[in-house]
Amino acid sequence: MRDRITGMDLPAIRHRLSRPVDIGPLIVLRVAFGLMMFIGAARFMARGWIRELYVLPRFHFTYAGFDWVRPLPEAGLWLVFIGLALLSLFIALGLAYRLSMAGFFVLFTYIELLDKTYYLNHYYFVSVLSFLLIFLPLNGRYALDNRLGLARERAFVPAWMVWAVRAQLGLVYFFAGLAKINPDWMFRAQPLTIWLHARTGTPLIGRLFDYNWAAYAMSWAGMLFDLTIPFWLSWRRTRLPAYLVVVVFHSLTGLLFNIGMFPWIMIACTLVFFDWRLPAPMGETAGQSTPRGRRLAWLYPGLVAAFLGVQMLLPLRHWLYPGNVNWTEEGGRFAWRVMLVEKTGQATFFVRDPATGREQIVLPGDYLTDLQEKQMSFQPDMIAQFARFVARQHGDAEVRAEVYVSWNGRASRLLLDPDVNLAEVPLDLRPDSWIIRSYDDK
């Protein structure tokens with residue numbers, strides 16, 4: 001029976017998604033994810049970033065709707081990160097797995113909501129993936145939960161569970177590639193031209209970065225890699241060479257660019273595309289792993305499908321806003337828009353007392369850290385947030401800003417209307433009328 005609209009054989013698709021497959025890919029993912037998260041938490045603590053990023057700043061840029069999320073005292077933040085490290089080990093070992101993964105998701109997402117200055121696509125990926133994994137039985141094999149009687153041992157799971165994780169990873173790559181289909185990336189090789197010219201001292205390959213063709217070659221290769229790698233990894237015949245390309249690609253980007261744990265997280269998590277086969281427990285066969293209770297058999301896959309549907313729509317929401325998202329930043333977060341722009345901004349704020357008419361200049365550096373000031377200087381929503389903060393510091397005064405931004409080698413241009421009182425503009429999901437949406441495209 002085929003669907004009249006799509007022409008797809010729905011019963012065949014249901015059968016393929018519900019058929020039992022080896023749980024091995026999920027077990028490998030659990031161990032890889034847990035170990036990578038432990039390294040990440042330990043690295044964060046060792047580098048002193050708890051104090052630098054969350055304790056010292058006088059002001060934090062919160063997300064819309066999450067203004068109530070505030071940093072704990074320093075001791076409390078240390079406990080959060082120690083908790084993240086311990087929960088990561090529990091996940092890797094399969095100890096109290098669902099509770100550990102749920103706790104990890106809550107603590108990790110809490111940290112990410114404290115300040116959008118530090119937003120990174122791979123931090124968002126970790127939150128999204130950890131939420132998805134709460135509902136999958138990654139403690140079905142080689143887990144302490146099996147030894148302790150907290151979870152039954154199982155060799156097989158419905159295929160949709162494995163493909164749900166693969167789909168989430170595939171969406172990250174695909175939308176990252178889709179975002180690269182733009183004139184700057186394809187026909188100006190920007191921002192890679194800027195970045196590679198600054199890395200000509202790289203051993204062995206640095207000399208190549210003096211040539212413009214190298215930036216063009218890497219731009220197109222990166223776009224094609226992101227767009228197609230989920231499909232090569234999904235096809236058994238090309239899976240191994242595709243994974244080797246994943247390792248080379250992410251190792252190279254990790255070497256050239258300061259992007260933290262992202263390359264290594266992706267190398268570890270894409271292991272889920274392999275059909276790992278683990279020895280089955282004594283007496284278990286593939287037919288015994290299907291979900292119990294036929295009435296609820298499609299509840300979980302239905303919810304997971306809805307979750308993945310949201311993940312497919314979020315990266316497209318920037319089309320609801322006028323102008324170029326790389327300039328306006330509206331709809332740019334949570335969309336896997338990876339390494340698309342090189343931006344610098346200069347923001348000067350003018351505070352006016354409406355009663356006396358007296359005006360004074362406020363420098364962001366008086367209140368923000370260097371990193372906060374850098375990120376705020378070209379992101380309109382953060383500029384408006386800071387303007388409200390400045391207004392409160394000066395008795396609810398009027399606050400205007402002159403913000404000049406340069407992106408991907410263009411000359412600096414005004415980003416915002418300098419005559420608008422930013423302390424009164426709404427901070428919501430509607431397009432911001434005070435953004436100057438035209439820019440120099442030369």
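What relative accessible area does Asp-428 have?

A: Asp-428 has a relative accessible area of 32%, so it counts as partly exposed. On this scale, buried means under 20% relative accessible area, exposed means over 50%, and partly exposed lies in between, computed with a 1.4 Å probe and with protein chains only as cover. A word on the origin of these values: this is a predicted model, in which local features need pLDDT of at least 70 and side-chain atom pairs count only at pLDDT 80 or more, while totals for chains, interfaces and linings use all residues. Residues are numbered from 1 along each chain as its sequence is written, and side-chain values use heavy atoms, with hydrogens and water left out.

Asp-428 has a partner. Its side chain meets that of Arg-430 in a salt bridge, with 2.6 Å from N to O. The term stands for a side-chain nitrogen of Lys or Arg within 4 Å of a carboxyl oxygen of Asp or Glu. Arg-430 itself counts as exposed because its relative accessible area is 51%.

A search of the whole structure finds 15 salt bridges. One of them joins the side chains of Asp-275 and Arg-166, at 3.1 Å from N to O. These two residues are 109 apart and link distant parts of the chain: Asp-275 sits in the loop between α13 (262-269) and α14 (299-313), and Arg-166 in helix α8 (residues 159-179). Helices (H or I, at least four residues) and strands (E, at least two) are DSSP runs, numbered from the N terminus. With 30% relative accessible area, Asp-275 is partly exposed, whereas Arg-166, at 4%, is buried.

Another salt bridge brings together the side chains of Arg-410 and Asp-184, at 2.8 Å from N to O. Arg-410 lies in the loop between β5 and β6 (413-414) and Asp-184 in helix α9, so this pair ties together parts that are 226 residues apart in sequence. Both Arg-410 and Asp-184 are buried.

Asp-396 is found in the loop between α17 (380-393) and β5 (398-407). At 62% relative accessible area, Asp-396 is exposed, and it has a positive phi of about 55° although it is not a glycine. Why mention that? Most residues other than glycine have a negative phi, and most peptide bonds are trans. Trp-336 also has a positive phi without being a glycine, at about 60°. It belongs to the loop between α15 (325-328) and β3 (343-352), and with 1% relative accessibility Trp-336 is buried. A cis peptide bond, with omega about 10°, joins Gln-190 and Pro-191. Pro-191 has its place in the loop between α9 (183-187) and α10 (192-197).

Pro-57 is another loop residue, lying between α3 and α4. With 8% relative accessibility it counts as buried. Pro-57 and Thr-369 are 312 residues apart in sequence, yet their C-alpha atoms are 6.3 Å apart in space. Leaving aside neighbours within four places in sequence, Pro-57 is in contact (heavy atoms within 4.5 Å) with residues including Tyr-118 and Gln-372.

Finally, step back to the chain as a whole. The chain has 17 helices and six strands, and of its 442 residues 50% count as buried. Its C-alpha atoms fill a box of roughly 85 × 55 × 50 Å, taken along the principal axes. Among contacts between residues at least 6 apart in sequence, 72% join residues at least 24 apart. So where does that leave your residue?
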